[in-house]
Amino acid sequence: MVQRESPGLEYLQQQGYSSLFEINSERLGARMLMNRRGTYWLAREMMAYYLIEVEAPGQAPSLASVLSFETEAMYLGAGQGVDQSIIRQLRIAFEAIQQDGRYKAISMRYRPQ
């Protein structure tokens, strides 16, 4: 399963994957996986763990990473007209939480212990 009209879909198609089931939302992918209506689901790790927990609070099964795709990192895009000072502040803040460990702590809240 892969999100319809997503970079993931485009990437898989470019790599030659042809039997792809397109889903309308990531949450639907989690729901289908939990109900055994799909075998594989292309999703970012943090999103997958979060949505699986949403679908089965406290009883979510562990996920197994089958393949890792070397793709561009996710990014936060700003629309035209956003003041450059705001963009600089966001960059500084993000670098700070990466350096002091807060980013990792936030990420770990969405992974099973």
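**A first walk through the model**

Hi everyone. Let's start at Met1, which touches Phe21, Ile23, Gly29, Met32, Leu33, Gly38, Tyr40, Trp41 and Leu42, leaving aside residues up to four places away in sequence. Please keep in mind that this is a predicted model.

Met1 also belongs to the largest nonpolar core, which has eight residues. With Met1 in that core are Ile23, Ala30, Met32, Trp41, Ala48, Leu51 and Ile52. Two helices, H2 (26-34) and H3 (45-55), each supply at least two residues of this core. Which of the helices gives the most to this core? That is H3, with three residues. As general background, nonpolar side chains in soluble globular proteins tend to be buried together.

Let's stay with those two helices. H2 and H3 pack at an angle of about 65°, and their axes are 9 Å apart. Their crossing is right-handed. On the H2 side, the contact is made by Glu26, Arg27, Ala30, Arg31, Leu33 and Met34. H3 brings Met47, Leu51, Ile52, Val54 and Glu55 to the contact. Sorted by class, this contact of H2 with H3 has seven nonpolar residues, four charged ones and no polar ones.

Now to the aromatic rings. How many aromatic pairs does the structure hold? It holds one. The partners are Phe94 and Tyr103, with ring centres 5.3 Å apart. Why is the pair edge-to-face? The planes of the two rings stand at 75°, and planes over 60 degrees apart count as edge-to-face. Are these two residues buried, exposed or partly exposed? Phe94 has a relative accessible area of 38%, so it is partly exposed. Tyr103 is partly exposed too, at 35%.

For a sense of distance, Ile97 and Arg37 are 60 residues apart in sequence and 38 Å apart in space, C-alpha to C-alpha.

My last stop is Gln14, in helix H1 (residues 7-14). Is Gln14 buried or exposed? Its relative accessible area is 56%, and the cut-off for exposed is over 50%, so Gln14 is exposed. From Gln14 to Arg27 there are 13 residues in sequence and 24 Å in space, C-alpha to C-alpha. Arg27 is one of the H2 residues in the contact with H3, which brings us back to the helix pair.

Methods
Residues numbered from 1 in each chain as written. Predicted model: local features only at pLDDT ≥ 70, side-chain atom pairs only at ≥ 80, totals over all residues. Heavy atoms only, no water. Core = buried A, V, L, I, M, F, W, Y, C linked by side-chain atoms within 4.5 Å. Buried < 20%, exposed > 50% of the residue type's maximum accessible area, 1.4 Å probe, protein only. Helix = DSSP H or I, 4+ residues; strand = E, 2+ residues; numbered from the N terminus. Contact = heavy atoms within 4.5 Å. Axes fitted to C-alpha atoms, helices over the stretch in contact; angles between N-to-C directions. Left-handed = near helix turned anticlockwise from the far one by under 90°. Nonpolar A, V, L, I, M, F, W, Y, C, P; charged D, E, K, R; others polar. Phe/Tyr/Trp six-rings, centres within 6.5 Å; stacked < 30°, edge-to-face > 60°.
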